[in-house]
Every structure is written in structure tokens, then in C-alpha cells.
Amino acid sequence: MASNEIFNQDCKDCGRLDEFLCEVKRKYPDYHARPVAPFGDEQPKLLVVGLAPGMHGANATGRPFTGDYAGILLYQALYQFGYSNRPISEGRRDGLVLTACRITNAVKCLPPQNKPTGLEINTCNRYLNAEIAQMPEGTVILALGSIAHQAVLKACGLKLKDAPFGHNRLHRLPNSRYLVDSYHSSRYNVQTKRLTEEMFHDVFRRIAGLFDH
């Protein structure tokens, strides 16, 4: 994205994250190891919000959910439901194109142990706020996991009690937008069957129903 309101490649507002990324870059010189930009259509119907870049996935490749386990189920679903031209996301030069969809993260930088602090989530929320503000009416936001869900609510000026997290739960947002929740497509959730392919596809079917409504 061109606007620094939505994404700033040079952001160093979170000292702990900036120091950690510098350490990662020294250990893995070929890794992106900087804030990871949103990826996809600039005027999407669907905005997918994850937690943060993964160490050997988005942090390495510079593209959300690319190169790690969490992206496998996500990109397969995006392909099956017509948002992507390829079912696999391998790297920024793989030719993958998203249509009517964009992927972003609640926290744009890799956090240690994949656990951002509350302050880091709040500090980064201004970017998500600006990104959602540019979404057209009728946009559906898919939150992957409870932290992404909470970040979306904060970005929209809503309280947690206004919209409790729940898998495949639908919430109405201001300005005729919608929020749909899903368990995160992490390795742990998939391997423990907390999130199955059918459960994930049910979420996308619900989203399709909103567009058909």
C-alpha cells in the first residue's frame, strides 16, 4: 500500500520488535525481517486479518501467510472460493494474484515467540484502523483468531462485549461492514482438528452468503 497511514516499512515504534527483527536479520540475512505489508486487491470485498508474521513464513518472504504452515489452508480456501489464481503461496515471485481480497495482520512485525504484547497490538492498531476505514461499504472482514478479532473491534471503535469471538460467528460493523470470525489456521489448530478444512470452508460459505444477500 502506498499510504503510510496503512503501512510504514520503516516503522520502529515498538522497540522490542525492532530489536528482535535486527537479531533475526543477522541470523537470517536473506529474510525480509521488517514490517510485512498487506497483500492483495486495493479495493477488496474480503479483508483477511491475521495475528502477525511467522518467523519462517511472512517474516522470511515479506508476504502475509506465505511460506509457512498457517498459509496452507488459507490459500487453498482462497483459491477454491475464487479469490486467488493459485492454491499455494510460496514467495513474492510465484505469480499469485488475489482478486477482491486482501490479507493483512493485526501486528505487522514478527514478535518473539509469536506473542505480541498488548501495547504492541495497540500501537500497530492505527494501521489497521486506517486500512479498514478505506474499505467500501459491504466489505467483509475475516478475523483469524481471537487477537485479530479484538484488533478489528478496536480499529472500529467497538468494545469486546459488543461482539464476542466465536468460530464462524457473524458480527455487524459500522458503515455496513461485517466481521466473520474463524479459528486461526495455525499448525496447532489444524493438527488437533480444532479447525478442519470443512469448518474453514463453512466460514467462506457464510461470507459468500453475505455477498449474495
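Q: On a 1 Å grid over the protein atoms alone, a pocket is an open set of points with protein on both sides within 12 Å along at least five of seven lines, and lining residues have an atom within 4 Å of a point. Which residues lie nearest the centre of the largest pocket?
A: This is a predicted model, in which local features need pLDDT of at least 70, side-chain atom pairs count only at pLDDT 80 or more, and totals for linings use all residues. Residues are numbered from 1 along each chain, and side-chain values use heavy atoms, without hydrogens and water. The lining of the largest pocket has 29 residues. Those nearest the centre are Leu51, Ala70, Asn114, His184 and Ser186.

Q: Which helix gives the largest share of the lining of the largest pocket?
A: Helices (H or I, at least four residues) and strands (E, at least two) are DSSP runs, numbered from the N terminus. Two or more lining residues of the largest pocket come from each of helix H5 (146-155) and helix H6 (187-191). The largest share is three residues, and it belongs to H5.

Q: Which helix gives the most to the lining of the largest cavity?
A: A cavity is a set of grid points where a 1.4 Å probe fits but cannot get out. The largest cavity is lined by 18 residues, and Cys11, Asp13, Cys14, Cys109 and Cys124 lie nearest its centre. The elements giving two or more residues to this lining are helix H1 (15-27) and helix H4 (118-133). With four residues, the most comes from H4.

Q: Which residues of H1 are exposed, on the other side from the buried ones?
A: Leu17, Asp18, Phe20, Leu21 and Val24 of H1 are buried (under 20% relative accessible area, with exposed over 50%; 1.4 Å probe, protein chains only). Their arc, taken from the directions from the helix axis to the C-beta atoms, is only 165°, so they are on the same side of H1. On the other side, the exposed residues are Glu19 and Arg26.

Q: What is the bridge partner of leucine 173 in S6?
A: S5 and strand S6 (residues 177-182) run antiparallel and are joined by four bridges. In S6, leucine 173 is bridged to arginine 177.

Terms used
Two strands pair if DSSP finds at least two bridges between them.
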